[in-house]
Amino acid sequence: MEDLRGSVILVTGATDGLGRRLALDLAVRGATVLAHGRRRERLDGLLGELGARGDAPARGYLADLACLDEVRRMAGEVLDAEERLDVLVNNAGVGAGDKRLVSADGHELRFAVNHLAGFLLTRLLLDLLRASAPSRVVNVASIGQAAIDFDDVMLERGTFSGFRAYAQSKLAQILSTIDLAEELEGSGVDVNAVHPATLMDTTMVRESFGTPRSTVREGADAALRLIADPELEGVSGRYFEGTREGAADPQAYDPEARAELRRLSLRLTGLERA
Ligand SMILES: NC(=O)c1ccc[n+]([C@@H]2O[C@H](COP(=O)([O-])OP(=O)(O)OC[C@H]3O[C@@H](n4cnc5c(N)ncnc54)[C@H](OP(=O)(O)O)[C@@H]3O)[C@@H](O)[C@H]2O)c1
């Protein structure tokens, strides 16, 4: 077991499923866990457990990631309160669903929560990650991927498919992972994406994907490797399926598509006005 004393690790979506397992595992290894949640009661419950189990203090950050203003507020709070950030784990996510839903900003919900929120949070915390280097960003993506149609990113045309919405958002995370890793080359900040495990027994799977086929433990072990394995220092811009490097949808390896997604995401998150 890695000794993570002295490391500060932010996990989004830490109040359920994979994120919760990771938060507890990291605390046991001595890391200071910054646990993100969207609901005060659930976050307080987790912080109580983390306090009871961990050797290091845990701190909570509250934000609904379906609202970019809340992402900005939370990033500001992290920057005000934290002196370092060794790992950012963008784990929070919404599964598939029958209905097309939109975020507070009017963006298709899966694209907003699964991709745009993590994109913005990462960029707002980049200076802290750079200052804490060697440091890491781990994007929890998925093997469920669908190419982004840049003419209809918000999925307003034709019959809505919740799976497509989910899969497009998950591929967007992978494109952004490769793109940011290139941008950060030489900075000491590694950025990787991981499909933790297939159909883990979590709320998302039970509610929107069907019968679970793997355990949260399996997915957590794959994510923990990217978060903490010293052998992976300097490995960046990769997509892993479990503990092995995988091949993502071909669009991930198209530099034009990555640049187009970067421009779109910068514009939608207000980081760069078009
Ligand atoms: N389960 C799988 O087999 C599988 C496979 C591949 C990839 N993944 C990825 O793994 C990650 C974790 O999924 P999971 O299976 O652990 O699902 P989960 O148990 O449903 O957990 C999802 C987490 O995201 C949080 N979340 C959802 N919407 C949010 C919002 N608007 N603002 C803030 N937080 C929000 C949830 O908060 P609450 O606790 O408040 O509900 C929860 O903590 C996701 O990115 C998912 O795509 C999962």
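These notebook entries record what I looked up in a predicted model.

**Entry 1. Helices α1 and α2**

I began with helix α1 (residues 17-28) and helix α2 (residues 40-53), whose axes lie 9 Å apart at an angle of about 25°. Angles under 35 degrees count as roughly parallel, and α1 and α2 are therefore roughly parallel to each other. I noted that their crossing is right-handed. On the α1 side I listed R20, A23, L24, A27 and V28, and on the α2 side L46, E49, L50 and R53. By type, the residues of this contact are 6 nonpolar and 3 charged, with no polar ones.

**Entry 2. Helices α4 and α6**

I then turned to helix α4 (residues 109-124) and helix α6 (residues 162-183), which pack at an angle of about 20° with axes 7 Å apart. That angle makes α4 roughly parallel to α6. Here too I recorded the hand: α4 passes α6 in a right-handed crossing. From α4 the contact draws on R110, F111, N114, H115, G118, F119 and T122, and these meet α6 residues A165, Y166, Q168, S169, K170, A172, Q173, S176 and L180. I sorted the residues of this contact into 6 nonpolar, 8 polar and 2 charged.

**Entry 3. The largest nonpolar core**

In soluble globular proteins, nonpolar side chains tend to be buried together. I looked up the largest nonpolar core, which holds 84 residues; the members touching the most other members are I9, A23, V33, A35, V89 and A223. Helix α6 gives the most to this core, with 10 residues. Leaving out residues up to four places away in sequence, I9 touches L26, A31, V33, L34, D86, V87, V89 and I227.

**Entry 4. Backbone exceptions**

Most residues other than glycine have a negative phi, and most peptide bonds are trans. I searched for departures from this pattern.

- I found a cis peptide bond joining A133 and P134, with omega about 5°. P134 sits in the loop between α5 (126-131) and β5 (135-140).
- I found a positive phi of about 55° at L155, which is not a glycine. L155 lies in the loop between β5 and α6. With 19 other C-beta atoms within 10 Å, L155 is partly exposed, because a buried residue needs 20 or more.
- I found a positive phi of about 50° at L199, also not a glycine. L199 belongs to the loop between β6 (189-195) and α7 (203-208). L199 counts as partly exposed, having 17 C-beta neighbours inside 10 Å.

Conventions:
Residues are numbered from 1 along each chain as its sequence is written. This is a predicted model: local features need pLDDT of at least 70, side-chain atom pairs count only at pLDDT 80 or more; totals for chains, interfaces and linings use all residues. Axes are lines fitted to C-alpha atoms, for helices over the stretch in contact, and angles run from 0 to 180 degrees between N-to-C directions. Helices (H or I, at least four residues) and strands (E, at least two) are DSSP runs, numbered from the N terminus. Angles under 35 degrees count as roughly parallel, over 145 as roughly antiparallel, 65 to 115 as roughly perpendicular and the rest as oblique. A crossing is left-handed if the near helix is turned anticlockwise from the far one by less than a right angle, and right-handed if clockwise. Two residues are in contact if their C-beta atoms, placed from the backbone, lie within 7 Å. Ala, Val, Leu, Ile, Met, Phe, Trp, Tyr, Cys and Pro count as nonpolar, Asp, Glu, Lys and Arg as charged, and the others, Gly among them, as polar. A nonpolar core is a set of buried Ala, Val, Leu, Ile, Met, Phe, Trp, Tyr and Cys residues joined through C-beta atoms within 7 Å. A residue is buried if 20 or more other C-beta atoms lie within 10 Å of its own, exposed if 12 or fewer, and partly exposed in between; C-beta atoms are placed from the backbone.
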